[in-house]
Amino acid sequence: MSITTTTHLNFGGDARSALEFYASVFGGSATIATYGDFGMPKDAPGADDVVFGSVETSAGFRVMAYDVPGSAGASATAGTTRREHGMTITDQPFFVSVRGDSLEEVQGYWSALAVGATVVEPLAASAWSPGFGMLTDGFGVTWILDVAAARSA
């Protein structure tokens, strides 16, 4: 038996932009279906909003997203995250965590994801990882990126 967990992000009208951005960061392409594609009249408000969207890569990255009906212009992932005295202080209910096998791989994702982002904790070596960083992207989603630590036998 196998199980897969995929983060599903909720947006206030910018799911398409977010998915296209995440595809540019992690690779792959965005698959997007709108409310209009599923029968909403094409001229109705919100018909072009995303009812189902995803990005999936051959490396294993997966994320889904949609636009919450009636939330146009609102940040569905509103909240703040900051570091204070070595602790993470947040009112967000979740972070998205991405772990890579090498620092070089994670640095590439970090550099692309950091465009327009607020860096909470710069990507750097930590006590538990050769590279750990946290940022909140331009869409309000907080990401943790780190390098898998080598395990001793």
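1. A word on what you're looking at. This is a predicted model, where local features need pLDDT of at least 70, side-chain atom pairs count only at pLDDT 80 or more, and totals for chains, interfaces and linings use all residues. Residues are numbered from 1 along each chain as its sequence is written, and side-chain values use heavy atoms, with hydrogens and water left out.

2. Back to the charges: the whole structure has 5 salt bridges. One of them joins Arg-82 to Glu-84, with the closest N and O atoms 3.1 Å apart. Arg-82 is partly exposed at 40% relative accessibility, and Glu-84 is partly exposed at 32%.

3. Another salt bridge links the side chains of Glu-121 and Arg-83, at 2.9 Å from N to O. Glu-121 lies in strand 8 and Arg-83 in strand 5 (residues 81–84), so this pair ties together parts that are 38 residues apart in sequence. Helices (H or I, at least four residues) and strands (E, at least two) are DSSP runs, numbered from the N terminus. Both partners are partly exposed: Glu-121 has a relative accessible area of 24%, and Arg-83 has 30%.

4. Strand 1 runs parallel to strand 4 (residues 62–67), the two being paired over 5 bridges, and Leu-9 stands opposite Ala-65 in strand 4.

5. A further open sheet has 4 strands in the order 7-10-9-8, again with mixed pairing. Strand 7 (96–100) and strand 8 (118–124) are at its edges with a single partner strand each, so one side of each has no neighbour in the sheet. Strand 9 (residues 132–136) and strand 10 (residues 142–147) run antiparallel, joined by 5 bridges; Phe-132 has Asp-146 as its bridge partner in strand 10. Helix 2 (residues 103–113) packs on this sheet, touching strand 7, strand 8, strand 9 and strand 10, and its direction makes about 160° with that of strand 10 (contact means heavy atoms within 4.5 Å).

6. Take a look at Thr-142, which is found in strand 10. Thr-142 counts as buried, at 1% relative accessibility. Its side chain makes a polar contact of 2.8 Å with that of Thr-136. Leaving aside neighbours within four places in sequence, the residues in contact with Thr-142 include Thr-81, Gln-92, Phe-95 and Met-134. For the record, a polar contact is a pair of N or O atoms within 3.5 Å; within protein, one must be able to donate a hydrogen and the other to accept it, and residues adjacent in sequence count only if both atoms are side-chain atoms.

Note on methods: Two strands pair if DSSP finds at least two bridges between them. Axes are lines fitted to C-alpha atoms, for helices over the stretch in contact, and angles run from 0 to 180 degrees between N-to-C directions. Buried means under 20% relative accessible area, exposed over 50%, partly exposed in between (1.4 Å probe, protein chains only). A salt bridge is a side-chain nitrogen of Lys or Arg within 4 Å of a carboxyl oxygen of Asp or Glu.
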